[in-house]
Amino acid sequence: MKIPFKNSTRLIVTYLITIAIFLVLFKHIPISNVISGLKNTNPILISFALVISFLSNIIITSLRYKLIIKHLGKNLSLFESMQIKGGCSVFKTLLPARAGEFISMEYLKRNGDFAYSDSFFAIVAEYILNVLALIIFILLGIVLFCLGLNCQLAQNFSRRATFFVLSLNHPIHENKDNLINKLSQNFKKYYIKFKELCGYRSIIICTILCMGAEVINFYLLSRALNVPIPLNTVLRLVPLSLLISSLPITLGGLGIRECTILFLFKSYASAESLLAVGVLYSFVENIFPLLINCSFTGFFIKNMFRGKIS
């Protein structure tokens, strides 16, 4: 398939930005010091974090997607859901601006004539649920912070949750403006659907578990590297790091994630230690699930063009 010049340029820029960030980081923070820190880790805590990552990023995420799609009128098996989420995860990481996320729209259209608007709603609903869950963890961290310290110190912590509007990079041949108009006309319909979706306890539980796993894994990995960061601080700041790193600037948030960790937790450890935590966290929460999801890519591509879920 031929990639349009505009999209290929964006892809190249994304890769270059990612590489440039790490070059700057390792210019100021010797890579030998980071590697030395990674050698002195607790293997038990890392193994535990990998298990949590697998359950969260592979199993629970796929289960939630299956429940959302079922709410929209189409039944998928758990393996089918893992196949879609796994296959799209690879493209989402490798393509700029999270464009790979929208491949699932074409996939579901070819495999059951699932409406583009419904599959787009499923994608947006997942992002909104994730943001709401992260806000809950931030609030929980603030509560613990107030309980653990004098309440007057709590006013020093003031942050706004910023919502980022996903830029639509639609992989199908419909005109973008026509699709946006169509989505606008159906806004009330899907707003009602989202309210109904929030009423499903299983979907809410899956969302809390997914986002909670990312927060807890950061805490475990920081402990594995002997970086003592209080749990209430992790609850307050890690969700902010996740929101910032979700910006479609670099490859899978790499580089941005490490920079935010260095900035947000600079008072708790040295730059070398924090960068080691960031690199390890990126591996556990992004690269490790990506390697597993690669096993679903073959099924995903084959069934995409065959037009049949096996």
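A crossing of two helices is called left-handed if the near helix is turned anticlockwise from the far one by less than a right angle, and right-handed if clockwise. Helices here are DSSP runs of H or I with at least four residues, numbered from the N terminus.

Good morning. What I present is a predicted model, in which local features need pLDDT of at least 70, side-chain atom pairs count only at pLDDT 80 or more, and totals for chains, interfaces and linings use all residues. Residues are numbered from 1 along each chain as its sequence is written, and side-chain values use heavy atoms, with hydrogens and water left out.

I begin with helix α9, residues 201–224, and helix α10, residues 231–245. α9 passes α10 in a right-handed crossing. Their axes, which are lines fitted to C-alpha atoms over the stretch in contact, come within 9 Å and cross at roughly 120°. Angles run from 0 to 180 degrees between N-to-C directions. The two helices are therefore oblique to each other, the term for angles that are not under 35 degrees (roughly parallel), over 145 (roughly antiparallel) or 65 to 115 (roughly perpendicular).

Which residues of α9 meet α10? They are E214, V215, F218 and Y219, and on the α10 side stand L231, V234, L235, V238, P239 and L242; contact means heavy atoms within 4.5 Å.

I turn to the interior. A nonpolar core is a set of buried Ala, Val, Leu, Ile, Met, Phe, Trp, Tyr and Cys residues joined through side-chain atoms within 4.5 Å, where buried means under 20% relative accessible area with a 1.4 Å probe, protein chains only. The largest such core has 43 residues, and F218, L221, V238, F265 and Y281 have the most contacts inside it. Among the elements giving it two or more residues are α1, α3, α9, α10 and α12. Beyond its neighbours within four places in sequence, L221 is in contact with I46, A49, L280, Y281 and V284.

Next, N130, in helix α6. Is N130 buried or exposed? At 17% relative accessibility, N130 counts as buried. Residues up to four places away aside, N130 touches R64, T207 and M211.

Finally, helix α5, residues 103–110, is largely enclosed by the rest of the structure, because 6 of its 8 residues are buried. Just after α5, G112 takes a positive phi of about 120°.

Technical notes: Buried means under 20% relative accessible area, exposed over 50%, partly exposed in between (1.4 Å probe, protein chains only).
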